[in-house]
Amino acid sequence: MSTTPTRLILASASPARRKLLEDSRIAFTVRVSSVDEDAALATANEQARAQGRAGLTPAETASLLAQLKAQAVAAELAAEGVRDALVLGCDSVFEFEGVAYGKPHTAEAARERISAMSGNYGVLHTGHALVDLRGIEPGAALPVASDLPTVSELRSATVHFDELSPEEIEAYIATGEPLWVAGSFTLDGYGSAFIRGIEGEFHTVVGLSIHALRDMLRRREVAVTELWLPPEEEN
């Protein structure tokens, strides 16, 4: 491997994931993936059905999208000559009663989902994929993104919801928060008031397990401490 410092690049536009890395004092930059998620999932589900399955499971969906995002950004960076980076892709899918819930996008969909989840529980799956660009030899032909060294990690956590009144549901929807997050809820915003408890990692539910990142880095022979920012000086 190169002796130059390793950079971490987050292939996600998620403010929550950025904040998790910032709060963990991990140095990183952002490069948003341009993956067509709907097209990729349609193809993958069609292949699964051709194998006699009902389609991808929610956990498989999260893992696949995380990998595709990381590979897409890694391919772009490799073409630009980047050889000192690890690219991290993440995706979260909420599973409720066997059904995968992504972002609801509309108030109607959010209302239906939140009403069903009230007093119930579901599982939040977060897929992680780390693509290593450091092994590409200078001057060598660019490898296919899927051939680049990649490590993956899936983390899942069970989320228990308290009972919400119709007025609380409407007030929550009015904030706009549940429309643009997997499963129509957050653990680090307005939605935190309605979470009775979780079984698993807090970070998994927010969308990026720092512990999973540490594990993946170690598998690529990088210590998470190498990516730490220096301690902030106290005033």
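This is a predicted model: local features need pLDDT of at least 70, side-chain atom pairs count only at pLDDT 80 or more; totals for chains, interfaces and linings use all residues.
Residues are numbered from 1 along each chain as its sequence is written, and side-chain values use heavy atoms, with hydrogens and water left out.

Let us stay with helix 2. Helices (H or I, at least four residues) and strands (E, at least two) are DSSP runs, numbered from the N terminus. Helix 2 covers residues 37-50, 14 residues in total, and spans 20 Å from its first C-alpha to its last, close to the expected 20 Å; that expectation is 1.5 Å times one less than the number of residues. Its buried residues are A40, L41, A44, N45 and A48. Looking down the axis of helix 2, you will find these buried residues within an arc of 125°, so they line one face of the helix; the arc is taken from the directions from the helix axis to the C-beta atoms. An α-helix has 3.6 residues a turn, so residues three or four places apart point the same way. On the face turned away from the buried side sit the exposed residues D38, E46 and A50. Buried here means under 20% relative accessible area, exposed over 50%, and partly exposed in between (1.4 Å probe, protein chains only). After helix 2 comes G52, with a positive phi near 90°.

Most residues other than glycine have a negative phi, but two residues here go the other way. E97 has a positive phi near 55° and belongs to the loop between strand 3 (85-96) and strand 4 (99-101). With 66% relative accessibility, E97 counts as exposed. S184 also has a positive phi, near 70°, in the loop between helix 5 (166-174) and strand 7 (195-199). Is S184 buried or exposed? S184 is buried, at a relative accessible area of 0%.

S184 also leads us to the largest cavity, whose lining includes S184, F185, I114 and Y172. A cavity is a set of points on a 1 Å grid over the protein atoms alone where a 1.4 Å probe fits but cannot get out, and lining residues have an atom within 4 Å of a point. The largest cavity has a volume of about 80 Å³, the space filled by probe spheres set on its points, which are joined across faces, edges and corners. Its lining divides into eight nonpolar, three polar and no charged residues. Here Ala, Val, Leu, Ile, Met, Phe, Trp, Tyr, Cys and Pro count as nonpolar, Asp, Glu, Lys and Arg as charged, and the others, Gly among them, as polar.

Conventions. On a 1 Å grid over the protein atoms alone, a cavity is a set of points where a 1.4 Å probe fits but cannot get out, and a pocket is an open set with protein on both sides within 12 Å along at least five of seven lines; lining residues have an atom within 4 Å of a point.
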